[in-house]
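Welcome! Here is a short briefing to read alongside the sequence and the 3D view. Take a look at both first, then follow the points below.

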Amino acid sequence: MPMFIRKMLHAAYLKIMTVVVFFAPSLRHTVFAGTGSSGQLCEHIIRTGAKKVIVVTDKPLRELGVVESAIAVLLAADVDVAYYDGVLPDPTFAQVVEGAAVAKAHGSEVVLAIGGGSSIDAAKVIAAAATSDASPVDWVGIGKIKHPILKLYAIPTTSGTGSEATIGAVISDAATHEKAIIMGDCLLPLAAALDADLMLGLPPHITAATGMDALTHGIEAYIGVWERGTRLEDARLAIKLVFDNLATAYHDGKNLDARNGMAMGAYYAGLAINQVNVGNVHAIAHQLGGKYGIPHGLANALVLPHVLEFCCQEAQQSLAELSLLVGVGSEGEAPAVLARKFIDAVRELRTEVGIPEQMDVIKRVDFEAITQQAIQEGATYPVPRLLDSKNVMQILTSIAKPA
């Protein structure tokens with residue numbers, strides 16, 4: 001399809017979506033933040049009268065004792081707690097169905113997600129599947145969950161996805177490895193706890209990848225072309241917090257101030273993308289995650305500087321503003337210079353936290369399929385420049401190690 005037609009269709013799509021969201025109800029949820037906030041969230045759940053809670057998490061977190069620490073208040077109050085700890089990175093529909101079966105057998109009234117984005121995303125769809133006999137596959141898309149779901153709460157233990165602040169969940173097809181996005185207002189957790197105490201033991205490589213994920217969310221929300229809500233303010237807060245705190249959290253994982261800063265940064269980034277969605281970095285990164293199992297934050301970090309190069313002219317003013325925001329540029333410098341300085345700063349931060357520029361798992365034989373899928377996904381986002389085959393191929397070549 002010629003590029004000018006793709007641009008026209010993209011513009012029309014964004015106008016339609018603008019009308020759709022104009023009539024959507026405003027969403028609200030409660031946030032507890034800081035030391036001990038997981039306990040405050042548990043007290044909140046108890047005050048709602050809940051008697052049966054299912055915790056959705058992963059086995060490593062349970063084995064480390066993080067889960068029991070987070071829900072100590074529930075356990076002390078003799079709340080009936082069940083566990084589904086079968087969530088793996090890039091959760092699948094099979095895991096969702098399995099978790100929903102546990103919730104149904106338990107008679108759960110509440111779903112409490114504890115973990116990274118995978119656990120929170122899985123918990124969202126489990127909360128819906130536990131009150132329905134329909135297949136979760138049928139909910140792929142926007143607004144297809146029409147029935148009441150279990151009450152949903154979240155305690156993130158990483159500072160990356162911001163899923164605790166969004167209405168979306170990413171679930172993988174185990175057979176095709178393709179990632180599906182399920183979105184609906186009901187998937188926004190009713191409340192979340194940003195408890196940095198639970199993040200102090202996060203390994204450096206996960207700190208790095210999830211932190212770059214949050215940065216990607218903030219940047220993509222900021223440079224997007226869709227004006228809505230507080231996306232600019234939230235995105236700026238997210239980007240500044242990541243630049244100020246990620247390197248410290250990476251090098252000194254026990255630094256509580258840095259962990260708090262990253263927790264808030266990821267949350268604000270989630271708020272930003274909840275209003276305007278993501279962009280071309282995700283369009284490519286989702287394919288890398290689905291095809292090769294590359295963790296989502298790492299995939300975003302690999303792609304991010306290259307996509308910023310790709311849309312540097314179209315997003316020049318926004319990138320220039322971000323350069324001033326993070327302190328790598330000076331007032332009076334030309335926008336083109338400032339934009340370049342910001343992209344360089346992103347690369348430097350990525351290097352500082354130990355993320356490689358290339359990975360040998362990415363294979364040239366897959367480039368064509370990845371490119372077409374990325375172009376198709378990117379067309380659904382409010383991006384400043386639409387992806388094309390030539391440039392996606394160039395990006396893939398840049399991040400794949402030569403054979």
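Accessible areas here come from the Shrake-Rupley method with a 1.4 Å probe. On that basis the protein exposes about 16,600 Å², and carbon and sulfur atoms supply 57% of that area. Please keep in mind that this is a predicted model.

**Overall build**

- The protein holds 16 helices and nine strands.
- A compact globule of 403 residues would have a radius of gyration near 22 Å, and the protein agrees with this because its value is 20 Å.
- Along the principal axes, the C-alpha atoms fill a box of roughly 60 × 45 × 45 Å.
- Buried residues account for 56% of the 403 residues.
- Of the contacts between residues at least 6 apart in sequence, 78% join residues at least 24 apart.

**Charges**

- Side chains of opposite charge can pair when their charged atoms come close.
- How many salt bridges does a search of the whole structure find? The search finds 13 salt bridges.

**The salt bridge of D85 and K59**

- The side chains of D85 and K59 meet in a salt bridge, with 3.4 Å from N to O.
- This pair links distant parts of the chain, 26 residues apart: D85 sits in the loop between strand 3 (80-84) and helix 6 (93-106), while K59 belongs to helix 3 (residues 59-64).
- Is D85 buried or exposed? D85 counts as buried because its relative accessible area is 18%, which is under the 20% cut-off.
- K59 has a relative accessible area of 44%, so it is partly exposed.

**The salt bridge of D133 and K104**

- D133 and K104 also meet through their side chains in a salt bridge, at 3.6 Å from N to O.
- D133 is exposed, with a relative accessible area of 80%.
- K104 counts as partly exposed, at 41% relative accessibility.

- E227 and R231 form a salt bridge between their side chains, at 2.5 Å from N to O.
- E227 counts as exposed because its relative accessibility is 54%, which is over the 50% cut-off.
- R231, by contrast, is buried, with a relative accessible area of 3%.
- Elsewhere, salt bridges that share partners join K59, R62, E68 and D85 into one network.

**Backbone angles to look for**

- Most residues other than glycine have a negative phi.
- Which value does phi take at D78? Phi of D78 is near 60°, a positive value in a residue other than glycine.
- D78 is found in the loop between helix 5 (72-76) and strand 3, and this residue is exposed, with a relative accessible area of 69%.
- D90 is not a glycine, yet its phi is positive, at about 55°.
- D90 lies in the loop between strand 3 and helix 6.

Notes
Residues are numbered from 1 along each chain as its sequence is written. This is a predicted model: local features need pLDDT of at least 70, side-chain atom pairs count only at pLDDT 80 or more; totals for chains, interfaces and linings use all residues. Side-chain values use heavy atoms; hydrogens and water are left out. Helices (H or I, at least four residues) and strands (E, at least two) are DSSP runs, numbered from the N terminus. The radius of gyration is taken over C-alpha atoms; the globule rule is 2.2 Å times the number of residues to the power 0.38. Buried means under 20% relative accessible area, exposed over 50%, partly exposed in between (1.4 Å probe, protein chains only). Contact means heavy atoms within 4.5 Å. A salt bridge is a side-chain nitrogen of Lys or Arg within 4 Å of a carboxyl oxygen of Asp or Glu.
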